[in-house]
Amino acid sequence: MPNLPPEPARHPFDRSDSDVVLIVDDVPDNLAVLHDALDESGYTVLVATHGEAALARAAQALPDIVLLDAMMPGMDGFEVARRLKADPRTAAIPIIFMTGLTETEHLVAALEAGGVDYVTKPVKAREVMARMGVHLGGARRARHAASQASQARNALDAFGYASITVRASDGRLVWQTPLARELLLAWFGEPSAEAPEAVQTWLRRVVAGGAPLDTAAEPPRLSIEQGARRLTFRLHRQAGDSEGGGDWLIVMREVSDDKIIESMSLAFKLTAREAEVLYWVVKGKINRDIGDILGASPATVKKHLERVFAKLGVETRTAAAAMALGRIRQLHPQFEG
């Protein structure tokens, strides 16, 4: 019986130089032949001779691909594959079945268990490596995309951005920074596994329109207002698979115009309530809407507005709004009127 390769060292693998392959087979001869061929071709090779060992190796090493014998005593390859796919840590690892069974139902069972491909026994090393090359390319791209998304999320966390990742197909809230969690609670109430309905509707509409993130034309933002406060949502980048709309990284920003209202009060010698009325006039609101926002009657709003006209030396809403907007833009250039 040939000597099997030694147990793998229990430390993270450096994937910069080679891909990591886990071979699972209860026949030592099969393991040795494949191990030697892959090792000579530059792969880092791990082995397991039964299902429990395969699951442990995969969880510890997170190989780039698994070559899995379908028929083994105890836990067979189909069950190993199902368990690998059920574990979030190993679910994305491509599995190629090695089987001596060529009946259609066995091949279908292999694919239904989570396999991406199969080779028939006796295996030929060159054929195995050719099949591996196809699926490793996709695995590398997925790993690269996941790494970029992780780096982006870490950067957003580090700099205190309010950011969320939302799945376009079902609105699931995949990830959020601590600041985003606080804002969602403050604006929408109870925590939820899904993004707010307004955000889901906006995201689906933008994605359906072909969000042009690779051009200078930025997709429209979502803006939700509560009084002089505004919460905006900006589509930042796609963070996952495009199937079903994909996962999207969204940057949130809360803006309060309280400082602007205070500036108008000081600049024009207005009371706090008069400054609030003038602010909403600048925003294009009519007296009835202003009354609803401030909890006052339209008649009360009209009286405040008359005093504002007198202090500004104007006679119309248009003139008052123009004067106020000019001063606001001097003091707050970022103001979105």
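Leucine 22 has leucine 46, in strand β2, as its bridge partner. The two strands involved, β1 (residues 20–24) and β2, pair in the parallel sense over five bridges; strands count as paired if DSSP finds at least two bridges between them. The structure is a predicted model, where local features need pLDDT of at least 70 and side-chain atom pairs count only at pLDDT 80 or more, while totals for chains, interfaces and linings use all residues. Residues are numbered from 1 along each chain as its sequence is written, and side-chain values use heavy atoms, with hydrogens and water left out.

That pair belongs to an open sheet of five strands, in the order β2-β1-β3-β4-β5, with parallel pairing. At its edges sit β2 (44–48) and β5 (117–120), each pairing on one side only. From one strand to the next, the twist averages 20 degrees. Helix α1 (residues 28–40) packs on the sheet, where it touches β1, β2, β3 (65–69) and β4 (95–99), and its direction makes about 165 degrees with that of β2. Helix α2 (residues 51–61) lies across β1 and β2, at about 150 degrees to β2. Axes here are lines fitted to C-alpha atoms, for helices over the stretch in contact, and angles run from 0 to 180 degrees between N-to-C directions.

Zooming out, the protein has twelve helices and ten strands, taken as DSSP runs (H or I, at least four residues, for helices; E, at least two, for strands) numbered from the N terminus. Buried residues make up 42% of its 337 residues. Buried means under 20% relative accessible area, exposed over 50%, and partly exposed in between (1.4 Å probe, protein chains only).

Now for the cores. In soluble globular proteins, nonpolar side chains tend to be buried together. A nonpolar core is a set of buried Ala, Val, Leu, Ile, Met, Phe, Trp, Tyr and Cys residues joined through side-chain atoms within 4.5 Å. The largest one has 25 residues, of which Leu278 and Leu312 touch the most other members. Two or more residues each come from α8 (258–268), α9 (272–282), α10 (287–294), α11 (298–312) and α12. Helix α9 gives the largest share, seven residues. Leaving aside neighbours within four places in sequence, leucine 278 is in contact (heavy atoms within 4.5 Å) with residues including Met264, Phe268, Val308 and Leu312. Apart from this core lies another, of 24 residues, among them Ala53, Val66, Met72 and Phe97.

Helix α12 (residues 317–331) also holds alanine 319, which counts as partly exposed because its relative accessibility is 29%.
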